[in-house]
Amino acid sequence: MKVLHLDENHPLLVEGLQELGYENHFDYTSPKEAIISKIGEYQGLIIRSRIPIDAEFLTKATQLKFIGRVGAGLENIDIDKAQEMNIRLFNAPEGNRNAVGEQALGMLLSLLNHLNRVDNQVRNGIWKREENRGIEIEGKTIGIIGYGHMGKAFAKKLKGFDCDVICYDILGGVGDENARQVGIMEFKKRVDILSLHTPQTPQTIRMVNKEFIEEFHKSFWLINTARGKSVVTEDLVAALKSGKILGAALDVLEYEKASFENLFGDDMPEAFQYLIQADNVLLSPHIAGWTIESKIKLSKTILDKITQEFA
């Protein structure tokens, strides 16, 4: 079988496919139209996020047997069309869940202890201690929405902090020794810190909006290492201004393009202008699952799944 790679990944994936007898081809730069013109030649496709695999694309992929998405989510693929064409879809949340859990914890600790702010202050000769008293995780209730691979990884990291971890998920029976599953009413009543670990679906897009935020009984801290479109940025900014949200750590943004590049051009949204100036907001460029180790793990996970199904 011939496999087309649209994004560069760890070499072990290419080497492993070659050992299985696959013929690897690479095109990291051509636009979607050029890829569509030749995709009919291939039985396998390896992607990250560069090109959306929509119905138009899949209709031309007449020989395609599988798509390996070297990442956690599948929102860049028309799943219904792929299933209609009997194309197997492989993703790899197992490969970067630990990285996401560690970054979520790191962002939370930085946020609660004002580390981003105080680092900048000291670099500028400002030495303020009382004004920068931190807040401890111990004794707080941390609520996780979306208790799959990523949510479970974050909960595992919290075990040593003597906090209460609860989770909410549309699926029942997902709670474990690290997080107790509760209904949404109890969740919104008790949470001090909210962490999102949901995939991008019609149900999660714009989920964290004005109404959602106001339904929480207490002011809370927000962490989002999931998908940017789950949070309405204008409503987040309003809540930061009112104090309903005490601070936010955002690895993902509502404004992200599918390729995660060239966010704004010359037109920066007003809400984002507020975020980049706020000292109770921590930002990173969608790198929560982006570690040296996860690059290896993601490729190995995809290789293992292809091997199991098509070797």
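L283 is partly exposed, at 33% relative accessibility, where buried means under 20% relative accessible area, exposed over 50%, and partly exposed in between (1.4 Å probe, protein chains only). This residue sits in strand β12; helices (H or I, at least four residues) and strands (E, at least two) are DSSP runs, numbered from the N terminus. Together with M268 and I276, L283 makes a nonpolar surface patch with about 220 Å² of accessible area. Patches are made of residues with over 30% relative accessible area and no salt bridge, with nonpolar side chains (Val, Leu, Ile, Met, Phe, Trp, Tyr) joined within 5 Å and like charges within 9 Å. The areas come from the Shrake-Rupley method with a 1.4 Å probe, and for residues only the protein chains shown count as cover.

A word on the model itself: it is predicted, so local features need pLDDT of at least 70 and side-chain atom pairs count only at pLDDT 80 or more, while totals for chains, interfaces and linings use all residues. Residues are numbered from 1 along each chain as its sequence is written, and side-chain values use heavy atoms, with hydrogens and water left out.

## The sheet

Strand β12 brings us to the sheet. Strands of a sheet pair through backbone hydrogen bonds, either parallel or antiparallel. Here, seven strands form an open sheet with parallel pairing, in the order β8-β7-β6-β9-β10-β11-β12. Two strands count as paired if DSSP finds at least two bridges between them. At the edges are β8 (180-181) and β12 (281-283), each of which pairs on one side only.

Within this sheet, β6 (residues 141-145) and β7 (residues 164-168) run parallel and are joined by five bridges. One of the residues to look at is T141, whose bridge partner in β7 is D164.

## Salt bridges

Side chains of opposite charge can pair when their charged atoms come close. A salt bridge is counted when a side-chain nitrogen of Lys or Arg is within 4 Å of a carboxyl oxygen of Asp or Glu, and the model has 20 of them by this rule. D164, the partner of T141 in β7, also belongs to a salt-bridge network with R180, E186 and R190.

K38 and D27 form a salt bridge with their closest N and O atoms 2.7 Å apart. K38 lies in helix α2 (residues 32-38) and D27 in the loop between β2 (23-26) and α2, so this pair ties together parts that are eleven residues apart in sequence. K38 is partly exposed, with a relative accessible area of 23%, whereas D27 is buried at 8%.

Two other pairs lie within helices. K81 and E84 are three residues apart in helix α4, about one turn of the helix, and their closest N and O atoms are 3.2 Å apart. K81 counts as buried at 19% relative accessibility, while E84 is exposed at 58%. In helix α9 (residues 210-214), K210 and E214 are four residues apart and so are separated by about one helical turn; the closest N and O atoms of their salt bridge are 2.9 Å apart.

## A positive patch

R97 belongs to helix α5 (residues 93-112) and is partly exposed at 34% relative accessibility.

## Loops and backbone angles

Most residues other than glycine have a negative phi, and most peptide bonds are trans. R206, in the loop between β9 (193-196) and α9, has a positive phi near 60° and is partly exposed, with a relative accessible area of 44%. H286 also has a positive phi, of about 55°. H286 is in the loop between β12 and α12 (292-310) and is buried at 18% relative accessibility.

N86, between α4 (79-84) and β5 (88-90), is exposed at 66%. A92, in the loop between β5 and α5, is buried at 0% relative accessibility. A92 and L303 are 211 residues apart in sequence and 9.8 Å apart in space, C-alpha to C-alpha.
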